[in-house]
Amino acid sequence: MGYELLVLDIDGTVTNSEKKVLPKTREAVFQIQRMGVKVVLASGRPPEGVLPVAGELGFDRYGSYILAFNGGKILDVRTGRCVFEKCLPRHLPGCLWEDAVRNQIGMAAYRTGTIVAGTEPDAYMLQESRITGMPVEYRKDFKRYVNFSVNECLLTGEPEMLENLEPVLTRKYFHEVQIFHSEPFYLEVVPKNIDKAYGLKYLLERLKMSWEKVVCCGDSYNDINMIRHAGLGVAMANAPEEIQAMAGYITTADNDHDGIAEVIEKFFLSGGSGNVRERLF
């Protein structure tokens, strides 16, 4: 197919269960960049949480890109330039804070370099802090304090609570935001119509490239649209069955056993088609 762009989710895809890039996967990503293939990291993480992985994969050398906030912000890693950004309506963080307090769940907003918590930081916020390398700043005056532009808010709590709350908030804010799970204990809130496929559409226009030339790899629900749009949509072996059902190819190896190196070898290095399933959509 002559694929020219590889898009990788981070957690559960290019990193293993310990949030590390395995050596074989790292070398495979380096190899295709040396060949001229561009690579994109598409993640729900803020830029600060994506850039260390991008640096480890050599993006600063080869001019590859990151899509942070599920496509809400796109950075050219080599130049450090933001090429696309969309923010939440200004009143939304305060409204979500009220919802969080009412439902006794955690709530935070991302600011450059900081996770601003509107509720007492819980274990899930502290985990996000460890993953992204960003400190948590708890603000009791959150609603008044957050008068800056926000790309994404995060709701945290027990999976059952968030599962019940998701459809309620989706109906309430239908015309203003997208709400989805990235993990069972996280609900991410981003601007309306923003997802990884939306951000990639903008980037592909910038690169003058068609979807047919793109391989998108992911393992979670926020990867579905990019998997469906891609010339080749790949689901990891560790992905839920619903994600695998959307994909044209499912890796044999999971994220703990270099599933991405498998994709690169099959579709970028060998020139083969692998065992690509007929797409039904």
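The lining of the second largest pocket divides into 10 nonpolar, four polar and three charged residues, where Ala, Val, Leu, Ile, Met, Phe, Trp, Tyr, Cys and Pro count as nonpolar, Asp, Glu, Lys and Arg as charged, and the others, Gly among them, as polar. The model is predicted, and for that reason local features need pLDDT of at least 70 and side-chain atom pairs count only at pLDDT 80 or more, while totals for chains, interfaces and linings use all residues. Residues are numbered from 1 along each chain as its sequence is written, and side-chain values use heavy atoms, with hydrogens and water left out.

## Pockets and cavity

Pockets and cavities are found on a 1 Å grid over the protein atoms alone: a cavity is a set of points where a 1.4 Å probe fits but cannot get out, a pocket is an open set with protein on both sides within 12 Å along at least five of seven lines, and lining residues have an atom within 4 Å of a point. Grid points are joined across faces, edges and corners, and a volume is the space filled by probe spheres set on the points. Helices (H or I, at least four residues) and strands (E, at least two) are DSSP runs, numbered from the N terminus.

| Space | Volume | Lining by class |
|---|---|---|
| Largest pocket | about 460 Å³ | nine nonpolar, eight polar, 11 charged |
| Second largest pocket | about 240 Å³ | 10 nonpolar, four polar, three charged |
| Largest cavity | about 40 Å³ | six nonpolar, one polar, one charged |

Of the 17 residues that line the second largest pocket, Q178, I179, F180, D195 and N225 lie nearest its centre. Two or more lining residues come from each of α8, β10 and α10 (224-229), and β10 gives the most, with four residues. The largest pocket is lined by 28 residues, and those nearest its centre are H181, S182, E183, Y186 and S220. Its lining takes at least two residues from each of α1 (10-14), α6 (123-132), α8 (159-172), β10 and β11.

The whole structure holds one cavity of 30 Å³ or more. The residues that line the largest cavity are L88, P89, R90, P93, V146, F148, S149 and V150.

Strand β11 spans residues 186-191 and is mostly covered, with six of its six residues buried; here buried means under 20% relative accessible area, exposed over 50%, and partly exposed in between (1.4 Å probe, protein chains only). Two strands are taken to pair if DSSP finds at least two bridges between them. On that basis β11 pairs in the antiparallel sense with strand β9 (residues 153-156) over four bridges, and T156 stands opposite Y186 of β11. Six bridges join β11 to strand β10 (residues 177-183), again with antiparallel pairing, and here F180 stands opposite E188.

## The eight-stranded sheet

An open sheet of mixed pairing is formed by eight strands in the order β5-β4-β3-β2-β1-β12-β13-β14. Its edges are β5 (81-85) and β14 (249-250), each of which has a single partner strand, so one side of each is left without a neighbour in the sheet. Strand β4 (residues 73-76) and β5 run antiparallel and are joined by four bridges, and the bridge partner of L75 in β5 is C82.

## Cysteines and backbone

C95 counts as partly exposed, at 24% relative accessibility. The sulfur of C216 has its closest cysteine sulfur in C217, at 7.4 Å, and this too is too far for a bond; C216 is buried, with a relative accessible area of 0%. A search of the whole structure finds zero disulfides, a disulfide being a pair of cysteine sulfur atoms within 2.5 Å.

Most residues other than glycine have a negative phi. N193, in the loop between β11 and α9 (196-207), has a positive phi near 75° and is partly exposed at 45% relative accessibility. K208, in the loop between α9 and β12 (214-218), has a positive phi near 55° and is exposed, with a relative accessible area of 78%.
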